[in-house]
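Subject: Structure handover and findings

Hello,

Here is the structure I said I would pass on. Please look through it first; my notes on what was found follow below.

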Amino acid sequence: MDFAAVQTANLGVFGIAITVTPSGGQPVAARGIFRAAHQQVDPETGAMVLIDQPVLDVRLAEMPNGDIKRGDLVTINAKVYEVIEVRKDGEGMAACRMFWK
């Protein structure tokens with residue numbers, strides 16, 4: 001199976017328009033699969049808090065210089081997010097945890 005074809009199909013169906021601005025670079029239009037995943041956090045106080053943890057799946061080939069890094073900015077529906085963690089899957093995709101700026 002051609003994994004690149006599956007990535008393209010997923011982004012075509014579930015992807016939305018995004019703009020990625022690398023640190024110190026120019027904005028680049030791309031597509032990504034965005035979800036505001038809910039997570040429960042147990043801070044040191046012991047209290048349970050429900051937070052939104054935005055996650056964006058991107059194809060690295062569409063990113064500036066073929067990569068996305070911590071500190072890069074992503075604009076989605078006029079909201080700006082900062083990438084705080086990137087997890088590459090080894091197949092050309094990356095899941096980016098972000099926070100809203």
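Of the 101 residues of the protein chain, 30% count as buried, where buried means under 20% relative accessible area, exposed means over 50%, and partly exposed lies in between (1.4 Å probe, protein chains only). This is a predicted model, in which local features need pLDDT of at least 70 and side-chain atom pairs count only at pLDDT 80 or more, while totals for chains, interfaces and linings use all residues. Residues are numbered from 1 along each chain as its sequence is written, and side-chain values use heavy atoms, with hydrogens and water left out.

Overall layout

Helices (H or I, at least four residues) and strands (E, at least two) are DSSP runs, numbered from the N terminus. Read from the N terminus on, the order is α-β-β-β-β-β-β. Along the principal axes, the C-alpha atoms fill a box of roughly 45 × 35 × 25 Å. Among contacts in the protein chain with a separation of 6 or more, 40% come from residues 24 or more positions apart; contact means heavy atoms within 4.5 Å.

The core

The largest nonpolar core has 15 residues. The term covers a set of buried Ala, Val, Leu, Ile, Met, Phe, Trp, Tyr and Cys residues joined through side-chain atoms within 4.5 Å. I18, V58, I68, V74 and M98 have the most contacts inside this core. Two or more residues each come from strand 1 (16–21), strand 3, strand 4, strand 5 and strand 6. Strand 6 gives the most, with three residues. Not counting residues up to four places away in sequence, I18 touches V28, A29, A30, R31, G32, L56, V58, V74, T75 and I76.

Salt bridges

Side chains of opposite charge can pair when their charged atoms come close. The structure holds six salt bridges, a salt bridge being a side-chain nitrogen of Lys or Arg within 4 Å of a carboxyl oxygen of Asp or Glu. Three of them are described here, beginning with the one between K88 and D67, whose closest N and O atoms are 2.9 Å apart. K88 lies in strand 5 (residues 79–88) and D67 in the loop between strand 3 (49–59) and strand 4 (73–76), so this pair ties together parts that are 21 residues apart in sequence. K88 is partly exposed, because its relative accessibility is 48%.

Another salt bridge joins K101 to E82, with 3.2 Å between the closest N and O atoms. K101 lies in the segment after strand 6 (93–100) and E82 lies in strand 5, so parts 19 residues apart in sequence are tied together. Are the two partners buried or exposed? K101 counts as exposed because its relative accessibility is 54%, whereas E82 counts as buried because its value is 19%.

E85 and R97 also meet through their side chains in a salt bridge (3.1 Å, N to O). This pair links distant parts of the chain, with E85 in strand 5 and R97 in strand 6, twelve residues apart. E85 is partly exposed at 24% relative accessibility, and R97 is partly exposed with a relative accessible area of 30%. Salt bridges that share partners join E85, R87 and R97 into one network.

Aromatic rings

How many aromatic pairs does a search of the whole structure find? The search finds one. Rings of Phe, Tyr and Trp (its six-membered ring) pair if their centres lie within 6.5 Å; planes under 30 degrees apart count as stacked, over 60 as edge-to-face and the rest as tilted. The pair is F34 and Y81, and it is tilted, at 5.5 Å centre to centre with 50° between the planes. F34 lies in strand 2 (residues 28–41) and Y81 in strand 5, so the pair ties together parts that are 47 residues apart in sequence. F34 is partly exposed, with a relative accessible area of 27%, while Y81 is buried at 7% relative accessibility.

K79 lies over the face of W100, at 5.0 Å from the ring centre. A charge sits over a ring if NZ of Lys or CZ of Arg is within 6 Å of the ring centre and within 35 degrees of the ring normal.

A buried aspartate

D57 is in strand 3 and counts as buried because its relative accessible area is 18%. Not counting residues up to four places away in sequence, D57 touches L11, G32, I33, R35, M93, A94 and A95.

Regards
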